[in-house]
Amino acid sequence: VVRGAFAPERVVELERAFDVVYPPRIYQARPAAAIAVSAGDVWQILGRCRGDAVLAGALADAALAGRACALLDARRVKLLQDTLLLKPPRTGGPVDWHQDYTYTGYLEPPRAVSLRLALSECSRDTGCLEVLDGSHRWGFRAAPRIFRDERVRDVLGELPPELAARVDSSVRPVELAPGDLSIHHCLTLHRSLPNASERPRKTLIAHVFDGDCTVARERLPHPEAAAHFALDAAGHLDEASFPTLFRA
Ligand SMILES: O=C(O)CCC(=O)C(=O)O
């Protein structure tokens, strides 16, 4: 966790851009009937930051992509996907225990991280992240589910007994104030809690990877999927779809 990675004025500006995408009126005063049908929801819009100067600027900032580049000890980091995640007040649902590599395991080697910038309070109350401390060293523990699931599946049941026995004592909440950044490795086991509060949880997420990663095409579920992973002459993911965010 990086406390105060972004200054308060910058967070205000980013929250304003976030609110253009999810106008508060669409979730603040939801009628009871709407809540009943959508309880447990996590709202996510993918790829929205790329076309927005303010949001795209945050992704490429030294405080965000630069941190990832240093942590991965990479020559450059590239953007796999950006997400604007909203857990609406009272109804924001949980995300089950998973490793991101379950869904991004076509990257070889597993040198990728998720960067999560809090634009509002992210506490146990509002549905914060929980990680299993040190689990990025437990290996890849799930069956790959690349492009196969509509929602994240719980994988704790797939752990061998010696690791399952360590789960309870390894859980750590990742509580963030607006402007704080959390970073987890693609093998870190994590989940997030429901939002039981009266406040929305707003998070800007960037999944980034070492630009020297290659794509293991045999792990893609069908040949058409390969069309989304064009490679450059050096065998790395192309700039048009996977732009470089930061160079060391
Ligand atoms: O922020 C959340 O609630 C879940 C995020 C997550 O699972 C991820 O970034 O990989």
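Which element gives the most to the lining of the largest cavity? Strand E5 does, with three residues. The model is predicted, and local features need pLDDT of at least 70, side-chain atom pairs count only at pLDDT 80 or more, and totals for chains, interfaces and linings use all residues. Residues are numbered from 1 along each chain as its sequence is written, and side-chain values use heavy atoms, with hydrogens and water left out.

A cavity is a set of points where a 1.4 Å probe fits but cannot get out; a pocket is an open set with protein on both sides within 12 Å along at least five of seven lines. Lining residues have an atom within 4 Å of a point. Grid points are joined across faces, edges and corners, and a volume is the space filled by probe spheres set on the points. Helices (H or I, at least four residues) and strands (E, at least two) are DSSP runs numbered from the N terminus.

One cavity of 30 Å³ or more was counted. The largest cavity holds about 50 Å³ of space. Its lining consists of Leu-80, Asp-100, Thr-104, Ala-112, Val-113, Ser-114, Cys-186 and His-207. By class, this lining has four nonpolar, three polar and one charged residue, where Ala, Val, Leu, Ile, Met, Phe, Trp, Tyr, Cys and Pro count as nonpolar, Asp, Glu, Lys and Arg as charged, and the others, Gly among them, as polar.

The largest pocket is the space taken by the ligand; a molecule sits in a pocket if more than half of its atoms lie within 2 Å of the grid points. The volume of the largest pocket is about 1,100 Å³. Its lining comprises 36 residues, and Gln-44, Gln-81, Tyr-103, Val-152 and His-207 lie nearest the centre. Two or more lining residues come from each of strand E1 (43-46), E2, strand E3 (95-98), helix H6 (101-104), E5, E9 and E10. E2 provides the largest share, five residues. The lining divides into 14 nonpolar, 12 polar and 10 charged residues.

Around the ligand itself there are 13 residues, the closest being Asp-100, Arg-116, His-190, Ser-192 and Arg-201; a residue is near a molecule if one of its heavy atoms lies within 4 Å of it. Strands E2 (76-87), E5 (112-118), E9 (190-192) and E10 (201-210) each supply at least two residues of this shell, and the largest share, three residues, belongs to E10. The shell has three nonpolar, six polar and four charged residues.

Oxygen atoms of the ligand lie 2.6 Å from a side-chain N or O atom of Arg-201, 2.9 Å from a polar side-chain atom of Asp-100, and 3.3 Å from a side-chain N or O atom of His-98. Taken alone, the ligand exposes 290 Å², of which the protein buries 94% (Shrake-Rupley method, 1.4 Å probe).

The second largest pocket has a volume of about 360 Å³. Its lining is made up of 18 residues, with His-136, Ile-183, His-184, His-185 and Thr-188 nearest the centre. Helix H5 (62-72) and strands E6 (129-132), E7 (171-174) and E8 (181-185) each give two or more residues to this lining. The largest share, four residues, comes from E8.

Definitions and conventions
A polar contact is a pair of N or O atoms within 3.5 Å; within protein, one must be able to donate a hydrogen and the other to accept it, and residues adjacent in sequence count only if both atoms are side-chain atoms.
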